[in-house]
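This briefing goes through one protein model, from the whole chain down to single residues. Please keep the sequence and the coordinates at hand.

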Amino acid sequence: MVNVTEDVFATGAVNPFTNSKDTIKRFTLTNGGGMSVQLITRGAIITSIKIPDAGGKIDDVTLGFDDLAGYQSDRNPYFGATIGRVCNRIGNGSFQLNGKLVQVSKNRENKFQLHGGFVGFDKAHWEVVEVRQDGVTLSHTNPDGHEGYPGKVTATASFTLSEDNCLHVQMRAVTDKTTPVNLTNHSYFNLAGHKAGANGLYEHTIEINAYGITETDQSSIPTGKITPVDGTAFDLRVSNNLGERLKELQPARGYDDNFCVTFNPPQPLAKVARATHPPSGRWLEVVSNQPGVQFYTSNFMPDVERGEAAIPGKEGAAYAKHGAFCLETQKFPDSVNHSSFPSTILQPGESYNHEVIYKFGVSH
């Protein structure tokens with residue numbers, strides 16, 4: 001039976017939208033199989049996912065912080081957060097909408113927008129809508145004009161744990177004016193355990209069900225072209241050792257690419273990816289209704305071999321380059337500037353609906 005408990009993660013947290021001082025709540029979802037998930041109302045962030053390995057040893061397999069100060073730090077690379085109003089990049093921080101130029105904030109190098117701007121959904125204090133037997137639903141109302149976006153958007157993020165070790169995340173949104181919406185969850189996974197670092201990551205195998213990647217420029221802004229994965233280091237349709245694949249990619253720092261997922265209509269959900277960690281037996285499968293997934297191997301976390309200081313994480317962890325991977329289900333980056341990409345435009349009266357399932361298990 002799944003159980004949900006609530007406690008306080010932090011008090012006196014300044015709300016970036018209202019300047020009020022809020023209590024940040026934490027919810028713990030636990031099932032009968034030894035799996036537990038924790039999430040907080042700041043940023044609708046998943047702070048912990050604990051699962052047993054093949055021998056029954058339980059470890060936390062997502063990166064995060066012990067306290068609110070960690071999540072508020074400039075060094076936090078969006079660990080576990082719900083990202084919006086538009087995840088990933090918007091080239092030049094601008095796009096045409098209904099014949100008018102929309103200029104949104106440019107929070108990266110004053111060149112483009114990343115993950116919703118300076119104060120994205122990841123920094124909002126989400127309201128608790130519903131606590132269920134097996135999960136919780138949170139809500140954020142994003143004001144008209146925030147970070148330059150038109151329309152008031154009301155978003156919900158629902159987190160549900162099942163007895164068979166599936167974490168179901170459903171992100172929904174409605175708007176009162178035409179606006180782009182593209183949400184994702186930015187969890188960083190390491191199935192060897194969140195402290196296992198690059199050596200643990202290199203032991204993983206990865207499989208991604210994708211026919212292409214969106215070609216990008218040096219700032220990771222899509223050019224509009226889709227490059228087939230055939231015969232490239234991006235062909236991960238058959239399970240491959242991740243460490244070997246990262247070596248093949250050199251001199252590139254690692255993977256940070258939107259993979260175009262292969263669907264089998266009329267099935268609304270597709271198997272997106274499968275990661276395994278053979279030494280522990282743990283595996284993760286991602287299933288989603290979204291056309292893309294950003295596969296990111298934490299290339300821009302600190303390079304300690306070059307003397308950069310690691311990010312101090314929960315339980316004394318030191319997070320560094322290649323210390324985790326992300327599988328961020330999404331519509332393609334910069335879709336607002338590429339009419340050939342699946343549209344991120346949401347109209348009043350429509351509902352944005354993003355489903356993603358993270359299924360964990362062990363191979364004995």
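In which strand does Asp 59 lie? Asp 59 lies in strand E5, residues 58-60. The model is predicted: local features need pLDDT of at least 70 and side-chain atom pairs count only at pLDDT 80 or more, while totals for chains, interfaces and linings use all residues. Residues are numbered from 1 along each chain as its sequence is written, and side-chain values use heavy atoms, with hydrogens and water left out.

**Surroundings of Asp 59**
- Asp 59 has a relative accessible area of 18% and is therefore buried (buried is under 20%, exposed over 50%, partly exposed in between, with a 1.4 Å probe and protein chains only).
- Leaving out residues up to four places away in sequence, Asp 59 touches Ile 49, Lys 50, Ile 51, Ala 192, Gly 193, His 194 and Arg 282 (contact means heavy atoms within 4.5 Å).

**Whole chain**
- The chain has three helices and 29 strands (DSSP runs numbered from the N terminus: helices are H or I of at least four residues, strands are E of at least two).
- The radius of gyration is 19 Å, close to the 21 Å that the globule rule gives for 364 residues, so the chain is as compact as a globular protein of that length (taken over C-alpha atoms; the rule is 2.2 Å times the number of residues to the power 0.38).
- Of the 364 residues, 58% count as buried.
- Among contacts between residues at least 6 apart in sequence, 66% join residues at least 24 apart.

**An open sheet**
- Nine strands form an open, antiparallel sheet in the order E11-E12-E13-E14-E29-E23-E22-E17-E20 (two strands pair if DSSP finds at least two bridges between them).
- Its edge strands, E11 (127-131) and E20 (240-241), each pair on one side only.
- Strands E14 (166-175) and E29 (352-362) are joined by eight bridges in the antiparallel sense; Arg 172 has Asn 353 of E29 as its bridge partner.

**Backbone exceptions**
- Most residues other than glycine have a negative phi, and most peptide bonds are trans.
- The Gly 84 to Arg 85 peptide bond is cis, with omega near 5 degrees; Arg 85 is in the loop between E6 (82-83) and E7 (89-90).
- The Gln 250 to Pro 251 bond is also cis, with omega near 15 degrees, and Pro 251 lies in the loop between H3 (242-249) and E21 (256-261).
- Glu 109 has a positive phi near 55 degrees and is exposed, at 56% relative accessible area.
- Asp 334 has a positive phi of about 55 degrees but is buried, at 5% relative accessibility.
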